[in-house]
There are 4 protein chains.
Amino acid sequence: MLATAEYQVRVFIEDTDASGVVYHANYLRFMERARTEMMRSLGIEQSATFEHEVAFVVHSAQMRFLRGARLDDLLRIETAVDNVRAASLVFHQVVRLRSGEPACEAQVRVACVHLKTHRARRIPTELMALMGATKQLPSG
Amino acid sequence: MLATAEYQVRVFIEDTDASGVVYHANYLRFMERARTEMMRSLGIEQSATFEHEVAFVVHSAQMRFLRGARLDDLLRIETAVDNVRAASLVFHQVVRLRSGEPACEAQVRVACVHLKTHRARRIPTELMALMGATKQLPSG
Amino acid sequence: MLATAEYQVRVFIEDTDASGVVYHANYLRFMERARTEMMRSLGIEQSATFEHEVAFVVHSAQMRFLRGARLDDLLRIETAVDNVRAASLVFHQVVRLRSGEPACEAQVRVACVHLKTHRARRIPTELMALMGATKQLPSG
Amino acid sequence: MLATAEYQVRVFIEDTDASGVVYHANYLRFMERARTEMMRSLGIEQSATFEHEVAFVVHSAQMRFLRGARLDDLLRIETAVDNVRAASLVFHQVVRLRSGEPACEAQVRVACVHLKTHRARRIPTELMALMGATKQLPSG
């Protein structure tokens with residue numbers, strides 16, 4: 001089965017803008033924090049992948065901004081690995097207000113690249129194994 | 001004809017991350033700067049719309065991250081209004097490296113809302129006129 | 001006695017820059033998070049003070065950047081109220097690496113202002129009481 | 001004579017917070033942009049110094065936040081090199097509203113370090129020369 005995780009983010013004044021709600025680009029930051037903590041809980045630290053000259057970078061994102069989160073809100077981010085390929089992963093993420101209503105929803109494709117050149121490369125097998133994702137790979 | 005515009009953004013150290021390139025969420029910021037300057041050049045200031053209790057908020061975005069921009073790069077952002085509806089606009093934006101290659105490409109739907117309630121509302125006619133967009137509206 | 005508190009901040013990729021360490025301005029954000037959580041633990045929520053047309057804003061800061069925190073570091077922020085006046089507070093804050101070594105140290109004066117006008121005003125007595133700070137005020 | 005420069009920054013919605021003004025930590029970003037452009041105008045690009053394994057990092061800052069800048073404001077940043085030592089520089093910077101009133105004022109000490117180790121090192125002589133600062137150095 002593919003990994004899922006929950007992560008909480010508190011909305012601080014730095015996250016809001018003059019319209020009174022969370023600045024839209026910050027949801028991308030919150031969602032990356034959630035993916036990073038999910039990876040960490042699986043034993044994968046970003047600084048360690050950097051040492052192996054491997055980086056995971058966001059390749060594409062489809063985002064919908066549904067409700068404005070406000071100062072002091074405690075957001076809950078649901079993260080699920082939707083799909084795993086040889087060199088990329090797709091995450092489905094929902095940022096929820098305390099009421100349970102979604103503030104932001106996204107599909108995010110993360111690609112595995114060489115740290116220096118930023119060229120695509122296969123996800124190292126040991127990382128694949130940690131994500132419990134080996135069965136999802138095409139056999140061919 | 002619908003509006004188009006070009007805008008330049010310098011990459012500062014604050015925009016980059018430890019992987020050596022621009023942090024992905026920052027392209028959303030750059031693209032909002034470009035839309036804001038485009039609107040300003042058409043005579044529409046965000047602070048003025050706020051005074052009319054009107055805000056333009058990002059409703060959804062489809063983003064592709066193609067190449068990592070680096071420190072000191074001078075980016076060129078092409079912005080085009082793709083589509084205008086009664087209560088929202090679609091922008092197509094490309095962030096280009098100095099070489100002309102795209103770093104990031106996006107379709108961004110911006111909705112018109114009441115500033116306080118964040119509920120959808122029609123774009124005020126005078127703003128529509130400024131965007132040269134009246135012909136694009138459905139006649140019905 | 002004046003309030004003290006500890007708060008932890010994880011360093012995410014968004015917090016770093018191309019030199020490989022935390023971007024210096026982000027320590028001001030981390031320190032504000034720590035002060036906000038300290039206030040929250042005392043029963044003072046920023047969004048609630050906004051409803052009373054009161055805001056706490058940073059008036060001045062003396063910062064020393066001592067060591068660069070890195071990706072994945074778990075920082076510990078020590079916050080102490082150093083001094084309380086009628087319309088402002090001074091915090092002393094130290095951001096420590098896991099080793100205990102300081103990454104950043106600061107004295108931050110936070111002023112109480114009217115939310116709309118940003119003019120100085122006395123800290124409301126009920127907030128003073130919550131900060132256990134009544135004894136620190138000059139008797140005159 | 002020591003170098004001085006002026007730089008303009010437009011306030012975008014990303015720079016503001018829910019209290020309606022520029023988020024305080026962002027002045028540190030604006031001031032770094034101004035210093036970077038000043039250095040660039042003197043022929044010193046940050047990415048080039050990185051290639052020489054040299055980085056300029058903020059060592060300490062004394063900041064005063066005087067007035068809140070608002071959305072759409074066009075800020076003028078005055079930057080002056082106040083003092084040059086063998087391994088560090090002090091800048092005095094004022095961020096002004098269009099009215100000329102100061103929004104933020106700071107003294108910022110920038111240290112020259114080895115990029116990898118972040119240990120202090122002498123400012124390379126060719127950079128010193130570019131800053132027109134050779135006369136300011138102690139003769140001993």
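Visitor: How much area is buried between chain A and chain B, and what share do carbon and sulfur atoms give?

Guide: The size of an interface is often given as the accessible area lost when the parts come together. Buried area here is the accessible area (1.4 Å probe) that two parts lose on being put together, summed over both. Between chain A and chain B it is about 2000 Å², with 60% from carbon and sulfur atoms. On the chain A side, A:His24, A:Leu28 and A:Phe65 lose the most area to chain B, together 22% of what that side buries.

A word on conventions: this is a predicted model, in which local features need pLDDT of at least 70 and side-chain atom pairs count only at pLDDT 80 or more, while totals for chains, interfaces and linings use all residues. Residues are numbered from 1 along each chain as its sequence is written, chains are lettered from A and ligands numbered from 1 in the order in which they are written, and side-chain values use heavy atoms, leaving out hydrogens and water.

Visitor: How many residues of chain A and chain B are in contact?

Guide: Contact means heavy atoms within 4.5 Å. By that rule, 23 residues of chain A touch 23 residues of chain B. Since 100% of the interface residues of chain A are also interface residues in chain B, the copies meet through the same surface.

Visitor: What area do chain B and chain D bury?

Guide: About 1700 Å², of which carbon and sulfur atoms give 48%. B:Phe12, B:Glu14 and B:Asp72 supply 32% of the area that chain B buries against chain D, more than any other three residues. In this interface, 17 residues of chain B are in contact with 17 of chain D.

Visitor: How many aromatic pairs does the structure hold?

Guide: A pair of aromatic rings is described by the distance of the centres and the angle of the planes. Rings of Phe, Tyr and Trp (its six-membered ring) pair if their centres lie within 6.5 Å; planes under 30 degrees apart count as stacked, over 60 as edge-to-face and the rest as tilted. Over all chains there are 8 such pairs. The rings of A:Tyr27 and A:Phe65 have centres 6.1 Å apart and planes at 50°, so this pair is tilted. Ring pairs also bring in A:Phe30, making a cluster with A:Tyr27 and A:Phe65.

Visitor: Are A:Tyr27 and A:Phe65 buried or exposed?

Guide: Buried means under 20% relative accessible area, exposed over 50%, and partly exposed in between (1.4 Å probe, protein chains only). A:Tyr27 is buried at 2%, and A:Phe65 is buried at 11%.
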